[in-house]
Amino acid sequence: MMGWNGARRVRRMGRGTGLLMAVIATLLVSACGGGSAPIQAFRPTRMMVIGDELSQLLPDGRKYTVNSLSSTGAIDCTVHPLWVQTMAGAFGLTFPQCNPDNRTPSAEMYARAGAKAADAAAQVEQALAAGAFGERQIVTMYFGLNDILDLYAQFPARTADSIKAEMRERGVALGQQVNRVARAGPAVIIVTAPDLGLAPFGADQNAAFPESTNPTRSRLLSELTDAFNAGLRVSIINDGRLIGLVASDQMVRDLRPPFASFFGFTNLGDTLCPPTAPVLECTTATMAAGSSPLTWGYATATLFSPGLQGRLGQIATSRAVRNPF
């Protein structure tokens with residue numbers, strides 16, 4: 001019977017067509033070499049989250065999106081989960097930051113608000129210090145948001161071309177850290193940078209700088225996104241096995257009119273959270289009147305709503321299940 005190390009190298013033959021949870025429960029393949037014993041689909045026993053505020057779950061259960069309140073007015077971290085919570089839940093894993101059932105924690109949070117690609121190495125080191133990477137583990141990595149905002153703020157003092165060149169370099173540097181983790185043994189899910197040109201931030205910048213037509217501010221933001229993701233894509237190991245790639249930029253682009261309603265979204269231009277209040281204070285009690293955390297796309301001008309977080313979690317979980325780790 002094929003061992004785990006060998007099984008990890010077998011390319012899945014079936015793709016599955018059922019619901020996401022059904023795929024996790026039923027996706028089986030046959031071992032190569034004529035054996036008849038099936039091998040179970042990849043199911044990690046430990047998860048580590050590396051990234052920025054789009055992935056961060058705070059010790060008190062708060063998130064950088066709309067936080068749900070219980071009937072007593074307390075934060076309910078189990079409602080409107082982050083994308084990494086959706087992934088963890090699909091594999092039966094639990095974060096200590098959101099553990100109302102007091103289960104043994106099996107998912108670890110290293111993501112930090114404000115983190116850029118250059119901070120990936122330190123987070124990887126922190127994860128390594130907590131225990132060596134192994135094969136029945138999965139590591140998620142998601143950066144780029146703060147890199148885009150950082151370099152965009154340098155325009156027009158710096159030219160668009162010079163900024164895009166540095167963005168690509170930052171993507172390459174992140175890809176090298178992704179490869180480092182993948183070579184150490186765990187499965188890796190890497191998410192591309194989000195397209196801020198299509199976020200409310202892009203429209204806000206166009207309104208603030210109407211004279212900027214070469215390029216428009218939203219177009220520049222999208223080009224910075226593309227430059228970062230191009231550097232990431234060309235630098236990661238591309239053997240279809242060690243690393244699963246999730247395109248959050250394409251996820252957002254797929255929602256452009258007239259397709260948003262197909263995915264259940266009704267508003268991608270306005271924000272759920274009050275613009276003058278810290279996002280961590282944004283709750284279901286303070287969000288915009290008449291809004292919905294599941295059908296509006298953005299909590300703030302740059303941060304995903306629970307709806308987009310949920311969609312990203314579904315896409316990432318499907319990739320993790322289907323990728324031949």
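**Notebook: disulfides**

I went through the predicted model looking for cysteine sulfur atoms within 2.5 Å of each other, and by that rule I get 2 disulfides.

**Entry: cysteine 77 and cysteine 98**

I looked up the S to S distance here: the sulfur atoms of cysteine 77 and cysteine 98 sit 2.1 Å apart, and the two form a disulfide. Where does the pair sit in the chain? Cysteine 77 is in the loop between β3 (46-51) and α3 (83-90), while cysteine 98 is in the loop between α3 and β4 (107-109). The two are 21 residues apart, so I've put this down as a link between distant parts of the chain.

Next I checked the hand. The torsion about the S-S bond of cysteine 77 and cysteine 98 is about 90°, so I noted this disulfide as right-handed.

Buried or exposed, I wondered, for cysteine 77? Its relative accessible area is 12%, and the cut-off for buried is under 20%, so cysteine 77 goes down as buried. Cysteine 98 has 11% relative accessibility and counts as buried too.

**Entry: cysteine 273 and cysteine 282**

I then turned to cysteine 273, which a disulfide joins to cysteine 282, with 2.1 Å from S to S. Which hand does this bond have? The torsion about the S-S bond of cysteine 273 and cysteine 282 is about -90°, so I wrote it down as left-handed. I looked up burial as well: cysteine 273 and cysteine 282 are both buried.

**Entry: pairing order**

Last, I numbered the bonded cysteines of the protein in sequence order and read off the pairing, which is 1-2, 3-4.

How values were computed
Residues numbered from 1 in each chain as written. Predicted model: local features only at pLDDT ≥ 70, side-chain atom pairs only at ≥ 80, totals over all residues. Heavy atoms only, no water. Helix = DSSP H or I, 4+ residues; strand = E, 2+ residues; numbered from the N terminus. Buried < 20%, exposed > 50% of the residue type's maximum accessible area, 1.4 Å probe, protein only.
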